[in-house]
Amino acid sequence: MPHHLLLIIHLLGAAIWVGGHLVLSIGILPEVLKKKSPELLLNFERKYEKIGMPALVLMVVTGIWMAYNYGVGSSQWFHFATPLECVVSLKLTLLLSTVLFALSANIFLLPNLTPKKLPIMAFHIICVTLIGVVMLILGSFVRYGGAF
Ligand code: HEM
C-alpha cells in the first residue's frame, strides 16, 4: 500500500480518536460530573466505542506499517538509538498505557458505573485524551526527522 494512503488512514484515525476524546473531555465530561450522571457518559461511550476502537486499531496497523517503511522494524523498537526510533518507541509505550487505561475502565468501572465512580472514570478519560494529544504531537515530529 502506498505510504501516502497509509498516512491518510492514520490521520483519519487520529482525527476520530483524538477528536472524540476532546469532545468527551471538554464537551461532555463537565456536564456528567455536574449532574453526577453515569447515564450521560454511558450514552456517549456506547455510540463512540463503535467508531473509536476501529479508529485506534487502524492507527496501530498503519502506524507500525509506516514505521517499517521508515526502516524502524520490531527489532529496533525500544532501542531509542535514532530520533525516529524514539518517536516510534514512545508512541508504542503510550499506546500500551492507553490499552491499560481502557482495560481498567472496561473491567473495573464501566460495567457498574455509579456516581461515586465518576471522578476516577473522569481521571481515566482525561489521561487517555492527553496521551492521544501527545501521540499526535509526536507523530508530527516524524516529517522533521524524529524527536530528540
Ligand atoms: C492515538 C494514537 C496515535 C495518534 C493520535 C497518532 C497521530 C499521528 C499524527 C498526527 C501523525 C502526523 C503525520 C504528519 O506529519 O503528517 C502521525 C504520524 C506517524 N505515526 Fe502516529 N499516531 C498514533 C499512533 C501511532 C502508532 C501506534 C504508531 C506505531 C508505532 C504510529 C506511527 C506513526 C508514524 C511512523 C508516523 C509518520 C508518518 C509520516 O509522516 O510519514 N502512530 N501520527
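1. Helices in this note are DSSP runs of H or I with at least four residues, numbered from the N terminus. On that basis the protein chain reads α-α-α-α along its sequence, with 4 helices and 0 strands in total. The model is a predicted one.

2. Overall dimensions. Taken along the principal axes, the C-alpha atoms of the protein chain fill a box of roughly 50 × 30 × 25 Å. The chain has 148 residues, of which 40% count as buried.

3. The metal site. The iron atom of the ligand is coordinated by His10 through NE2 and by Lys91 through NZ, at 1.7 to 2.1 Å. The site has 6 donor atoms, with angles of 84 to 178° among them, and is octahedral. It qualifies because six donors count as octahedral if opposite donors are over 155 degrees apart and all others lie between 65 and 115.

4. Placement of the two coordinating residues. His10 belongs to helix H1 (residues 3-35) and Lys91 to helix H3 (residues 83-109). The pair is 81 residues apart and links distant parts of the chain. His10 has 12% relative accessibility and therefore counts as buried, the cut-off for that class being under 20%.

5. Nonpolar surface. Which residues form the nonpolar patch on the surface? They are Met1, Leu5, Ile8, Leu12, Val57, Val61 and Trp65, and together they have about 650 Å² of accessible area. Two elements, H1 and helix H2 (38-69), each give two or more residues to the nonpolar patch. Met1 sits in the segment before H1 and is exposed, at a relative accessible area of 51%.

6. Cysteines. The structure holds 0 disulfides. Cys86 counts as buried, with 11% relative accessibility. Cys127 also counts as buried, with a value of 17%. For reference, a disulfide is a covalent bond between the sulfur atoms of two cysteines.

7. Salt bridges. How many salt bridges does the structure hold? There are 2. In general terms, side chains of opposite charge can pair when their charged atoms come close.

8. Glu31 and Lys35 meet through their side chains at 2.7 Å, N to O. Both residues are in helix H1, and because they are 4 residues apart there, about one helical turn separates them. Glu31 is partly exposed, its relative accessible area being 35%. Lys35, at 54% relative accessibility, counts as exposed.

9. The salt bridge of Arg46 and Glu39. The side chains of these two residues meet at 3.5 Å, N to O. Arg46 counts as partly exposed, at 45% relative accessibility, and Glu39 is likewise partly exposed, at 43%.

10. Backbone at Lys36. Phi of Lys36 is near 50°, a positive value in a residue that is not glycine. Lys36 is placed in the loop between H1 and H2. With 56% relative accessibility, Lys36 counts as exposed.

11. Backbone at Phe80. Phe80 is not a glycine, yet its phi is positive, at about 50°. The residue lies in the loop between H2 and H3. Is Phe80 buried or partly exposed? At 41% relative accessibility, Phe80 counts as partly exposed.

12. Pro30 is a residue of helix H1 and counts as partly exposed, at 44% relative accessibility. Pro30 and Ala122 are 92 residues apart in sequence, and their C-alpha atoms are 9.2 Å apart in space.

13. Val133 and Leu22. Val133 lies in helix H4 (residues 118-140) and is partly exposed, with a relative accessible area of 26%. Along the chain, Val133 and Leu22 are 111 residues apart, while 9.0 Å separates their C-alpha atoms.

Conventions. Residues are numbered from 1 along each chain as its sequence is written. This is a predicted model: local features need pLDDT of at least 70, side-chain atom pairs count only at pLDDT 80 or more; totals for chains, interfaces and linings use all residues. Side-chain values use heavy atoms; hydrogens and water are left out. Donors are N, O and S atoms within 2.8 Å of the metal (3.2 Å for Na, K and Ca); water is not among the atoms, so sites may look incomplete. Four donors count as tetrahedral if all angles lie between 85 and 135 degrees; four count as square planar and six as octahedral if opposite donors are over 155 degrees apart and all others between 65 and 115; anything else is irregular. Buried means under 20% relative accessible area, exposed over 50%, partly exposed in between (1.4 Å probe, protein chains only). Patches are made of residues with over 30% relative accessible area and no salt bridge: like charges are joined within 9 Å, nonpolar side chains (Val, Leu, Ile, Met, Phe, Trp, Tyr) within 5 Å. Accessible areas come from the Shrake-Rupley method with a 1.4 Å probe; for residues, only the protein chains shown count as cover. A salt bridge is a side-chain nitrogen of Lys or Arg within 4 Å of a carboxyl oxygen of Asp or Glu. A disulfide is a pair of cysteine sulfur atoms within 2.5 Å.
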